[in-house]
Amino acid sequence: MASNNGIKFRLLFLFVFASSIPLLQANIGHFDDHWQKRQQAARKAATNAYNPNPHNVTNHFNNQVHKHANGDTGTRRLLPGTKYTGACSATNPIDQCWRCDPNWATNRKKLASCVMGFGHKTTGGSDGEIYVVTDESDIDMLNPKPGTLRYGVIQAEPLWIVFARAMTIKLSQELIIASHKTIDARGYHVHIAGGAGLTMQYVENVIIHNLRIHDIKAASGGMVRDSVKHYGFRTRSDGDGISMFGATNIWLDHLSMSNCMDGLIDAIESSTAITISNGHFTDHNDVMLFGASNTRSEDKIQQITVAFNHFGKRLIQRMPRCRWGFFHVVNNDYTHWEMYAIGGSQQPTIISQGNRFVAPPNKNAKEVTKRDAPESVWKNWLWTSEDDVFVDGAFFRTSGSGNQMPKLSQEDIITAKPGTFAREMTRFSGALKCVKGQAC
């Protein structure tokens with residue numbers, strides 16, 4: 001650890017010159033050798049994770065969904081305010097993999113085998129020890145206290161992070177998560193609220209599961225430790241709930257998210273191999289942003305699956321908003337938006353399959369899609385809608401040509417379950433109430 005005098009001098013120096021620091025490196029005040037090496041490693045990981053034929057991934061996903069739905073029990077989402085009291089009902093193939101096992105608490109790491117979609121290689125901290133968060137405080141950014149969440153996420157080794165009890169953690173600065181970590185909040189109500197959000201910057205292989213993330217604020221910035229051996233100056237954060245910057249092999253599952261200062265979930269700067277599943281999103285404007293710049297063609301490497309999520313009350317737009325990459329949006333339930341649901345620019349490929357879109361009353365907001373380009377440009381972008389269900393006048397404006405799809409064998413071309421299943425498959429979206437010794 002650096003001396004206190006050294007830390008104070010560096011802090012003073014960086015604050016004096018902070019106004020001249022470019023913001024191109026996502027809140028890193030000083031892009032030193034440590035961050036340059038992490039950037040290089042992240043680029044290599046993204047290249048290795050990139051699938052040159054992403055349609056094979058989407059078709060494999062559809063195959064698993066199709067097999068699961070054939071065993072459908074016919075359940076439907078409960079009315080608001082109604083508690084489900086029946087036997088465990090796993091309504092999609094990710095949940096079917098683990099949720100109905102009453103011994104989930106003694107077999108937590110089984111979860112890592114359940115991810116599907118572009119994030120399917122994510123294992124998080126499954127090769128590491130269990131780390132228990134016992135202290136909800138977040139006071140010391142340079143020398144985090146053992147037992148805190150911040151102490152666990154900066155460790156070099158893989159860790160499976162769990163919680164000793166229900167808690168609300170107010171982060172003083174961004175929580176900078178190192179590679180090979182799982183944050184698993186099953187068993188207790190764990191809130192990240194009232195402070196800064198979660199950041200994955202130039203890292204790989206992270207699972208975030210069963211958290212409640214809401215009321216996130218922008219942090220002022222300052223000296224923050226991002227690993228056991230390194231700390232540095234962070235500029236003011238944006239107020240995102242979860243920010244992925246050059247991150248690879250990430251799985252976000254069963255999150256309840258609302259009311260963050262900026263976005264709920266951002267994936268930018270070549271972040272790829274990501275699955276976002278079983279989330280419940282409410283009370284927000286800019287929900288998801290995939291690719292932040294019209295000039296960063298490097299984001300063509302982005303491949304993201306958005307599946308089994310419920311986009312709920314008081315949402316406005318960006319579910320998601322995409323640039324450059326390849327995005328599979330499958331079996332989600334869109335029950336609310338005010339402007340549009342799915343948008344994009346810079347020729348992203350968007351494959352929409354088996355979603356349910358319920359339009360708002362506003363007759364000028366019935367269209368699901370929004371493109372930030374003239375029709376003469378976007379007419380060539382591949383945006384497809386297959387087996388989606390449209391309610392109350394909703395409609396999806398498709399574009400592109402089937403000739404843009406790669407040649408696939410008949411064995412690979414498997415029809416996704418139709419949007420009539422979307423409400424059922426998202427029935428238990430959001431953070432779950434899991435009790436040890438019982439199915440979740």
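The following legends describe close-up views of a predicted model. Because the model is predicted, local features need pLDDT of at least 70 and side-chain atom pairs count only at pLDDT 80 or more, whereas totals for chains, interfaces and linings use all residues. Residues are numbered from 1 along each chain as its sequence is written, and side-chain values use heavy atoms, with hydrogens and water left out.

**View 1**
An open sheet of 10 strands has the order 1-2-5-8-13-16-20-24-27-30, with parallel pairing. Its edge strands, strand 1 (129-133) and strand 30 (383-386), each pair on one side only. From one strand to the next, the twist averages 10 degrees. Strands (E, at least two residues) and helices (H or I, at least four residues) are DSSP runs numbered from the N terminus, and two strands pair if DSSP finds at least two bridges between them. Strands of a sheet pair through backbone hydrogen bonds, either parallel or antiparallel.

**View 1. Strands 5 and 8.**
Strand 5 (residues 181-184) and strand 8 (residues 204-209) run parallel and are joined by 4 bridges. Within this pairing, T182 stands opposite I207 of strand 8.

**View 2. Helix 2 across the sheet strands.**
Helix 2 (residues 33-49) lies across strand 8, strand 13 (248-253), strand 16 (272-277) and strand 20 (303-307). The helix runs at about 75 degrees to strand 13. Axes are lines fitted to C-alpha atoms, for helices over the stretch in contact (heavy atoms within 4.5 Å); angles run from 0 to 180 degrees between N-to-C directions.

N92 is found in the loop between helix 3 (54-69) and helix 4 (93-96), and H254 lies in the loop between strand 13 and strand 14 (256-258). The side chain of N92 reaches the backbone nitrogen of D95 at 3.0 Å. The side chain of D95, in turn, makes a polar contact with the side chain of H254 (2.8 Å). A polar contact is a pair of N or O atoms within 3.5 Å; within protein, one must be able to donate a hydrogen and the other to accept it, and residues adjacent in sequence count only if both atoms are side-chain atoms. N92 counts as buried because its relative accessible area is 0%, and H254 is likewise buried at 0% relative accessibility. Buried means under 20% relative accessible area, exposed over 50%, and partly exposed in between (1.4 Å probe, protein chains only).

The structure holds 3 disulfides, each a pair of cysteine sulfur atoms within 2.5 Å. With bonded cysteines counted along the chain, their pattern is 1-3, 2-4, 5-6. One of them joins C88 to C100 (S to S 2.1 Å). The torsion about its S-S bond is about -80 degrees, so the C88 and C100 disulfide is left-handed. This pair links distant parts of the chain, 12 residues apart: C88 is in the loop between helix 3 and helix 4, and C100 in the loop between helix 4 and strand 1. C88 is partly exposed at 29% relative accessibility, as is C100 at 35%.
In a further disulfide, the sulfur atoms of C97 and C114 are 2.1 Å apart. This link is also left-handed, with -70 degrees about the S-S bond. Both C97 and C114 lie in the loop between helix 4 and strand 1, so the pair ties together parts that are 17 residues apart in sequence. C97 is partly exposed at 23% relative accessibility, whereas C114 is buried at 2%.

**View 3. The disulfide C434-C440.**
C434 is joined to C440 by a disulfide (S to S 2.1 Å). Because the torsion about the S-S bond is about 125 degrees, the disulfide of C434 and C440 is right-handed. C434 is buried, with a relative accessible area of 4%, and C440 is buried at 12%.

**View 4. Nonpolar cores.**
The largest nonpolar core has 65 residues, and those with the most contacts inside it are M200, L211 and I242. Strand 2 (residues 159-163) contributes the largest share of this core, 3 residues. A second, separate core of 21 residues includes W98, W104, V162 and C440. A nonpolar core is a set of buried Ala, Val, Leu, Ile, Met, Phe, Trp, Tyr and Cys residues joined through side-chain atoms within 4.5 Å. Not counting residues up to four places away in sequence, M200 touches several residues, among them I177, V206, I242, F245 and L252.
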